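Q: I'm new to reading protein structures. Could we go through one together?

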Amino acid sequence: MAQFQTSRVVTVSNRNGLHLRAATELAKLVRGFQAQVVILKNQDRANCGDVLETSSLGAAMNEQLLLEASGQEAEEALEAVSRLFASGFNENAQIENN
Amino acid sequence: MEKLQGIAVSPGVAIGEALVMDTEGFRIPRRFVARDAVEGALERLGVSIDATSDEIALNRDAVAREMGAQCAAVFEAQLQLLQSPKLRADLEEGICQRHYSPEYSVSRTFRHYAELFENLQGGSFASKANDIHDIEKRLLRNLLGQRREAISGLTSPVLILTHNLTPSETANLDREFVRGFVTEMGGPGSHTAVVAGALEIPAVLGTGPFLNKVSGGDLVIIDGDEGLVIIHPDEETVARYRHEEEEIRTLAVRLEMLRDLPAETSDGVRVSLYGNIEFPYEVDHCRDRGADGIGLYRTEFLYLGADTEPDEEVHFQAYSRVVEAMGNKPVTIRTFDLGADKVPHLAESEEERNPFLGLRSIRLALRNVPMFRNQLRAVLRASALGNVRIMFPLISTLIELRQAKMVLADVMEDLEEHRIEFDREMAVGMMVEVPSAVVMIDQFVDEVDFLSIGTNDLIQYTLAVDRSNKDVVGLYNAADPAILRLIEMTVRAGVRKSLSVNLCGQMSGSPVYTMLLLGMGLRQMSVRPSVIPEIKKVCRSVTIEQCEEVTRRAMTMENARNIKSYLKGELKKVVPELGAVSPDGY
């Protein structure tokens, strides 16, 4: 496994947590970068590009997660992902997701 | 191992592979694939995932066009989930490493994630389990393609686990391969329950939701005596049930030797043991067990499962088959006994607040005389072929009985006019199942040829208890002293007039009550065919004097529990092997 180049801690700020819809946003975002981003929650690892892995972490509001990124655009990807977490996955802009 | 408690509706034990059907009656099979078929299985999986992805994408685009991108987000999420590399890896691992069929691998993997999501903290994850189910369903549909034919085309024994079965689905179950069934819905009074008994396979209804915990091919035990379903049983449990199965079988073999012997007490009093049936084919079950006739032929099935009212010919075909098969032995046909809600074509299905106290059975028949006449004509025509007796259900007043008899007399006249043959001496009887009929029994006995006590309804109406309501079902007890007094009153009134008195409720099918009923003077019992040998065994093991003593003692006791445990003890004394295995249930 390639050594990660950069890491950062983010906090889940949206009420619904890192559920399937949020995971979908996240996957779409990460795919736009030449980078691998992994989320670590306790012992669990999830690849940001895989919604099943990320949404089954069960990351709830106010939980802290460690992000690790590698690849050509690792820094940029990490920055974008952090912003998405901070924005609460645009949840407030969305209609209430069942 | 997981145990589920449901409602026992048909006794016996079945151990075997599960066939799981989802809410859409959609079958989820287990099939292992052979080592050399793994490649093909992987390819089939890939093709199905692609096809399912296309479907979801189409949906997403259509919804996006019509309702906007926000609404389409849920489909976008499903699509992402389906294309998850992790999911693909899990699915393929099942196929490659464990040689699961693609269908089974899908069903197992999705169940795993559905459970995982349900167990995650916070409500929003649990609701996502629905997305998982949705994708699973689509994927399976693509995998199974044409083969999603539900329960037909079985080739090996299975236990069916499903959300619900309609009575007609139940009736059409493949009797060669279906060894038992469990439904999440339903209760003891339901027609599905009656049909299950007719099929003579163990069945448990009303377990509540559990299908997400089991996959096709899993080992399951259905304990139809206790109403238990055991999923993934451990070895010890399987061994215990196999042993029980074996014991039941040995007992059945021993009892079978009684087949051609009469049901006669050891002091030489002959008892008539009749069979209760629902379908014409059950006549064979009755003959195999040496029944003395049919004590209750329920005719409801002719009305259920059909979109239109059955015509006279449909009735006649069914009745004549039974009557001819029984030769000169009596066949007691009970007329229409359904509620308005079960017969949509009558258009009387107004919302009833208390259906059990409402427009049903003979009341409904008397309101729909043309329909009633069709049935009566068919019964009368069948009476020319053998020994037919007719019986009116749910009679609560003398007027009702007279009205029913008037319609019958009218139909007879009609047949005579058209020179159609029938038995002019056909016996006419009534069900005694409403307390008012027992109170007035001394008057009823002057107007009928026979009585048949229906304990199921009699208990319900006497103790004012709905036995599908689990909070009050404890009151529903055949051994309640009030019930025993009503039965005794009825039997004595009949005996005084030398009328034939039969008891056709579930009570007569439990060997626990046989001595008590004989002691009251009852000489006819009608039971589901499978228990005829057991009841015969009890009859042949006792004297009437002994039974009368048991009855005398039982009638002095003041509660159902004492009475029942006393009766069990007495049964154990005379037929120890029945005391041991006979179902505790009723």
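Q: How many helices and strands does chain A have?
A: Helices (H or I, at least four residues) and strands (E, at least two) are DSSP runs, numbered from the N terminus. Chain A has 3 helices and 4 strands, and from the N terminus on they run β-α-β-β-α-β-α. A quick note first: this is a predicted model, where local features need pLDDT of at least 70 and side-chain atom pairs count only at pLDDT 80 or more, while totals for chains, interfaces and linings use all residues. Residues are numbered from 1 along each chain as its sequence is written, chains are lettered from A and ligands numbered from 1 in the order in which they are written, and side-chain values use heavy atoms, with hydrogens and water left out.

Q: In which order do the 8 strands of the chain B barrel close?
A: Strands of a sheet pair through backbone hydrogen bonds, either parallel or antiparallel. Here two strands pair if DSSP finds at least two bridges between them. In chain B the order is β10-β11-β12-β13-β14-β15-β16-β17, with parallel pairing. Strand β10 (residues 272-277) of chain B is joined to β17 (residues 524-527) of chain B by 4 bridges; one bridge pairs S272(B) with Q524(B).

Q: Is C286(B) buried or exposed?
A: Buried means under 20% relative accessible area, exposed over 50%, and partly exposed in between (1.4 Å probe, protein chains only). C286(B) counts as buried because its relative accessibility is 0%. C96(B), at 31%, is partly exposed.
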